[in-house]
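Good morning, and thank you for coming. I would like to take you through one protein chain, step by step, with its sequence and structure on the screen.

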Amino acid sequence: MTVFVWLVLAAGLSAVKPTPSGSLVLDQVAPSLGTYVTFTWTVSNLPGWATPRIQIICSQDDVIVYVVAGPAWQPFLLGGGSSPRLTNGGPAACVATLYYWQFHPFQVFHPLDTVTFAAGG
């Protein structure tokens, strides 16, 4: 019995951790330039040091015109205070990603879920 327990520990089977996962849903039905968007999100099995974050990238005609990232619980102003999106106006295709960073041994972006939406101009 002792040998079996030692073999399991030596194989690292006791150190197996569940894979982090998450879900992301846009709260607004028809967001537009100059309005705030919020998200309903959940995460599970995140490392204790990790903070869930959301990144939003919006583009017009395949050109990125707005990027923002921050803690998942905060509202995000589409277009921000100054961006090509504000200058150009018009609709944009946006992608929001729920993620967390790992900083050791080096910086790694860990995406958990993504939602796409259209933002009116």
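**A walk through the chain**

Helices (H or I, at least four residues) and strands (E, at least two) are DSSP runs, numbered from the N terminus. Please note that this is a predicted model, in which local features need pLDDT of at least 70 and side-chain atom pairs count only at pLDDT 80 or more, while totals for chains, interfaces and linings use all residues. Residues are numbered from 1 along each chain as its sequence is written, and side-chain values use heavy atoms, with hydrogens and water left out.

Which residues does Leu-33 contact, once neighbours within four places in sequence are left aside? They are Leu-78, Gly-79, Arg-85, Leu-86, Gly-89, Gly-120 and Gly-121, where contact means heavy atoms within 4.5 Å. Take Arg-85 from that list: Leu-33 and Arg-85 are 52 residues apart along the chain, yet their C-alpha atoms are separated by 7.8 Å.

Let me now step back to the whole chain. Its secondary structure comes to 2 helices and 8 strands. Read from the N terminus on, the elements run α-β-β-β-β-β-β-α-β-β. Of the 121 residues, 30% count as buried; buried means under 20% relative accessible area, exposed over 50%, and partly exposed in between, with a 1.4 Å probe and protein chains only. Among contacts between residues at least 6 apart in sequence, 52% join residues at least 24 apart.

**The sheet**

In what order do the strands of the open sheet lie? There are 4 strands, in the order S5-S4-S7-S8, and their pairing is antiparallel. Two strands are said to pair if DSSP finds at least two bridges between them. The edge strands are S5 (63–71) and S8 (108–119), each of which pairs on one side only. Neighbouring strands of this sheet are turned by 20° against each other on average, direction ignored; the axes are lines fitted to C-alpha atoms, for helices over the stretch in contact, and angles run from 0 to 180 degrees between N-to-C directions.

S4 (residues 53–60) is joined to S5 by 8 bridges, and the partner of Cys-58 in S5 is Tyr-66. S4 also pairs with S7, over 7 bridges, and here Gln-55 has Thr-97 as its bridge partner in S7. S7 and S8 then pair over 11 bridges. Within S8, Pro-111 is the bridge partner of Tyr-99, and Val-108 is that of Gln-102. A hairpin through 5 residues joins S7 to S8.

**The disulfide**

How many disulfides does the structure hold? It holds 1, a disulfide being a pair of cysteine sulfur atoms within 2.5 Å. Cys-58 and Cys-94 form this disulfide, with their sulfur atoms 2.1 Å apart. Cys-58 lies in S4 and Cys-94 in S7 (residues 92–102), so the pair ties together parts that are 36 residues apart in sequence. The torsion about the S-S bond is about 110°, so the disulfide is right-handed. Are these cysteines buried or exposed? Cys-58 is buried, with a relative accessible area of 0%, and Cys-94 is buried too, at 2%.

The largest nonpolar core has 23 residues, of which Phe-39, Ile-54, Ile-56, Leu-78, Ala-96 and Phe-117 touch the most other members. Such a core is a set of buried Ala, Val, Leu, Ile, Met, Phe, Trp, Tyr and Cys residues joined through side-chain atoms within 4.5 Å. S1, S4, S5, S7 and S8 each supply at least two residues of this core, and its largest share, 5 residues, comes from S7. Ile-54, not counting residues up to four places away in sequence, touches a list of residues including Leu-24, Trp-41, Val-68, Phe-76 and Leu-98.

Finally, consider Ser-83, in the loop between strand S6 (76–77) and helix H2 (84–88). Ser-83 is buried, with a relative accessible area of 10%. A polar atom of its side chain lies 2.8 Å from the backbone oxygen of Gly-79. Leaving aside neighbours within four places in sequence, Ser-83 is in contact with Val-65 and Tyr-66. Tyr-66 brings us back to the sheet, as the bridge partner of Cys-58 in S5.

Key
A polar contact is a pair of N or O atoms within 3.5 Å; within protein, one must be able to donate a hydrogen and the other to accept it, and residues adjacent in sequence count only if both atoms are side-chain atoms.
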